[in-house]
Amino acid sequence: MKRSFVILFAFIISQFQAQQGPYYQQSAKYKMDIDVNAEKFTYEGKQTLDYKNNSPDELNVVYFHLYWNAFKPNSMMDQRVAGQGKNGDSRLQKDGISRLASIPKDQEGAQNIHWIKQNGKTLKFEIQETVMKVYLAESIKPNSSTTFTLEWDAVIPQQIRRSGRNNREGVDMTMTQWYPKIAEYDYDGWATFDYIGREFHAPFADFEVNIKINKDYIIGAGGILENPTEVKGYDPNAKIKADKNKVTWKWTAKNILDFAWAADKDYIVKSFDVPQGPKVFLVYQNNDKTKVWEEAQSYLTKYYQLMNARFGKYVYPTYAFIQGGDGGMEYGMCTMILGEAQDIEGLMGLMAHEGAHSWYQQMLATNEPMRPWMDEGFTSYAEGYVMNQLFPPAQELPNSFVNSVNAYRNFIKRGIEEPAVWLGDHHDNGTSYTYASYVKGELYLVQLGYIMGEQNLTETLKQYYDQWVLKHPSDRDFLHIAQKVSGMDLKWFHHYWINTTKTIDYAIKEVKYDAKSTTITLVNNGQVPMPVDFSIITSDKKMITYQIPMNMTHTWKEKDEYGEFKTMPYWPWTQKEYSITVPYTKSQLSVLGIDFSERMADVNMKDNFVEVK
Ligand SMILES: [Zn+2]
């Protein structure tokens, strides 16, 4: 999702440790038959779920998510929104009051489980709003499978958050997190996060979904449409096969985290092939407010080429940008975004962000509720990287992420920063969540680029993809690769940046000009130690950078696209000041400064540069 501002109550947690022992991941296969009553905004569902336990643990219970049970008065989501006051997410509020509190009875979201069986045996289950605990008839042994069958009916909620009926642009049905979905089980245990508005986690799964709906609807979905010739919108020669005014849409998808779809009578469907993939679908209401969608094809083609080259290849055959929901949210092989856009740059900003979640959420499926900075932060980084190339700024910037660095600098002055390590749903303050996850997550990569050099960052991202595509990596897995690629110890940086709110602040304290040289005294006024790139610009406009490695890395960057270095002795992190003598006189110097690339998130830039006069 794009940055949003929601205020949540404080909840202190300790840092979670991730994967230990041999890696495994659970797998699931869903077959679902859905019968939609479009007039009443309800549907009936049948599900067969083959679940494979690849863990070394014997499972006696399983958990399912029933997300739509959140959309009713006095739900946990409602309580949370009410507790947020007027600084909460405006999408969930009207005049500062939770919109959930006033949902009419017939528009309350619901997923009513009729029954659930395991290999034909009826199971006992308990529902705590959005989480269903199911007691198994037979435990699932390590490396064995079981089959669940269940039937349920559902009420499509009033559109409050992401899913729902009649969104503000008039899309009839946004069907996201819409079916009973088995929770992820891994080294961290069952991911039984209550749904109160934020992120998701799930095992990779295959889907076969048949959706029966009034024949006038067009469906957009993240998956492969298996019968385009029998439904509306996809094939000009289609022969609509209606049965009592309804048609069945047959969708499949492989190895995705969730299957999402949307339905509207006014959709049009456009598609095009990006060379080397994917095939891109644009599903939206064609009107004056969505005109810029017509310009998206060439930008999206370039977008996928840039993303594939830098972050690893998009592995799925298709991707759909679907108008729906309440902003932008990522799902398997598709996104739901609002369709109205001022200009192509605005639309592409949203598409670039949600599209990049295919990498940092879908293909590299980190635990979002536990480590939101990994999916939102890395996605924001990819978005910044790509947008800077699709829409080059009028004036060349010191780096592609300078706006985020500046936003962080301004934000920390407010004194409400919270550590990025906190669980996504448990931040005190919505703005703090946004900065902890989106901005600090993005700057995590920007800082690493500064510390290890951009080539090492690119290689780290590449190896991270190669080793973890279609798996569930943790932050330790990423850090492991970054350390291996760079040869640096980076645990100190990870600790400071993610687990604390300590800040970086280096300065030029003093400059002494002598007859043949100049001596500069640098000072560390901050709490986070960093290597320092100190540069001089000579009066004949030559830039020379002295790289001062910080001792904890135990090595230094060899090169960086930001210029050549002269490597200096280590600056121990315990040492306050560091002096450097350069063989230039006052008249030979024009500017002295710390980090001309402006990547380092130094919170006080004023004392970083000296103009020699
Ligand atoms: Zn996002």
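Contact here means heavy atoms within 4.5 Å. Helices are DSSP runs (H or I, at least four residues), numbered from the N terminus. This is a predicted model, where local features need pLDDT of at least 70 and side-chain atom pairs count only at pLDDT 80 or more, while totals for chains, interfaces and linings use all residues. Residues are numbered from 1 along each chain as its sequence is written, and side-chain values use heavy atoms, with hydrogens and water left out.

**View 1. Helix H8 from end to end.** After H8 comes Leu470, with a positive phi near 65°.

**View 2. The buried side of H8.** Look for Glu454, Leu457, Thr460, Leu461, Tyr464, Tyr465 and Trp468: these are the buried residues of H8 (buried is under 20% relative accessible area, with a 1.4 Å probe and protein chains only). Down the axis of H8, they fall within an arc of 130°, so they line one face of the helix (the arc is that of the directions from the helix axis to the C-beta atoms).

**View 3. What H8 packs against.** The buried residues of H8 pack against helices H2 (296-311), H4 (358-363), H5 (372-390), H7 (430-452) and H9 (475-486).

**View 4. Two residues from a UniProt record.** An unreviewed UniProt entry lists Glu354 and Tyr438 under "active site"; such annotations may be inferred rather than shown by experiment. Though spread over 85 residues of sequence, they cluster in space, with a largest C-alpha distance of 12.9 Å.

**View 5. Where those two sit.** Glu354 is in helix H3 (residues 344-356), and Tyr438 is in helix H7. Glu354 counts as buried because its relative accessibility is 0%, and Tyr438 counts as buried at 0% too.

Key
Buried means under 20% relative accessible area, exposed over 50%, partly exposed in between (1.4 Å probe, protein chains only). Helices (H or I, at least four residues) and strands (E, at least two) are DSSP runs, numbered from the N terminus.
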